Amino acid sequence: MKKFCFFLCGVFLLCAAGMAQAADAKPGKEMLPVNRYKLVDTFEVKGRQGIAVDDKYYYVSGSKALYKYDKKGNLVASNENPFEGYAIPSNHIGDIDVYNGEIFVSAEWFEDGVGKDIQIAIHDAQTLKFKRTFKFEPESGQEEVSGICVDRDKRTVWMSCWAIGKESGLLKGYSDRYLYEYSLDTGKFLRKVHLAPSPQWIQGVYYYKGALYVTADDGEADDNAPDHLYRIDISSDVNYATVVMEKAFTEVKRQGEIEGLAFDEKAGELLVHFNRGARIILGMPRGFYPDYTKEISEIYRFKVKPIKRK
Ligand SMILES: [Ca+2]
Ligand SMILES: [Ca+2]
């Protein structure tokens, strides 16, 4: 009995020491934000989905349209019939990217929170017209697409997912837990990366300086809760990745729906697309909040400043 008591005391002391150590432990550098983001300004756009940027222009996607703005915010081109030439009917465009004169469009048929028939379409950045298709691999298991981006260093294409599809039989209303990677040159599906933890309602994905960044519409507008930017380390070739919260968007004019994102490397800016004013149910606008008679879509520009840590 005595021996057993000593054993219990020993176990208790070991646990207490372990807990004290855990309480003292500080998160490693890799679990902290790498940048500060200072709001520069905002400008209103047509289109409620995504944002892409090259040296001269901003590109904005609506659910059924593509728009092009100069860097002063003037509309210079639009394509309000973007699905012309698509092989399968489509009614929804998510976040977009532009690379080497081509716009990468993630498209699908989207209804009441469920997506199907994912298509990756490449549009000409000059005319905004459909140019060619980038093959989607159904074996990847991806059932919905909310955003697409190009990893300029590794020459791969990444896709994000907003919700788990109806087919999976899993809990609807949560983001898929994966990001999906393809070869830019061959179009071959390479891997899916499991996110830990997985942000809820991912709206866009962008590659910037060795990491992926995703925007998540995880703040409930009715509770005035902010949405977030997360950073994902994809430097190794494994099929899982750690997710770090990079920023909470507390400075928006009214909490609403975060959408796509892009980094303007030349200007050193983060661009984030936000919608406000409309009530969103299952990913679709249904009526307005008081004081709003229409939904307002805006691009927020933030100056990016790297945080120096020892
Ligand atoms: Ca979206
Ligand atoms: Ca939100």
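1. The model under review is predicted.

2. Lys305 belongs to strand β22, which spans residues 296-306. Lys305 counts as exposed because it has 11 C-beta neighbours inside 10 Å, and the exposed class requires 12 or fewer. Gly268 lies 37 residues from Lys305 along the chain, with 7.9 Å between the C-alpha atoms of the two.

3. An open sheet is built from 8 strands with mixed pairing, in the order β10-β11-β12-β13-β17-β16-β15-β14. Its edge strands, β10 (147-151) and β14 (202-208), each pair on one side only. Direction ignored, neighbouring strands of this sheet are turned by 30° against each other on average.

4. The largest nonpolar core comprises 66 residues. Ile51, Tyr59, Ile103, Trp158, Leu179, Tyr206 and Leu212 have the most contacts inside this core. Strand β14 gives the most to the core, contributing 5 residues. In soluble globular proteins, nonpolar side chains tend to be buried together.

5. Apart from its neighbours within four places in sequence, Leu212 is in contact with Trp158, Leu179, Val205, Tyr207, Ile232 and Ile234. Of these partners, Trp158 and Leu179 are also listed with Leu212 among the residues with the most contacts inside the largest nonpolar core.

Methods. Residues are numbered from 1 along each chain as its sequence is written. Chains are lettered from A and ligands numbered from 1 in the order in which they are written. This is a predicted model: local features need pLDDT of at least 70, side-chain atom pairs count only at pLDDT 80 or more; totals for chains, interfaces and linings use all residues. Two strands pair if DSSP finds at least two bridges between them. Helices (H or I, at least four residues) and strands (E, at least two) are DSSP runs, numbered from the N terminus. Axes are lines fitted to C-alpha atoms, for helices over the stretch in contact, and angles run from 0 to 180 degrees between N-to-C directions. A nonpolar core is a set of buried Ala, Val, Leu, Ile, Met, Phe, Trp, Tyr and Cys residues joined through C-beta atoms within 7 Å. A residue is buried if 20 or more other C-beta atoms lie within 10 Å of its own, exposed if 12 or fewer, and partly exposed in between; C-beta atoms are placed from the backbone. Two residues are in contact if their C-beta atoms, placed from the backbone, lie within 7 Å.
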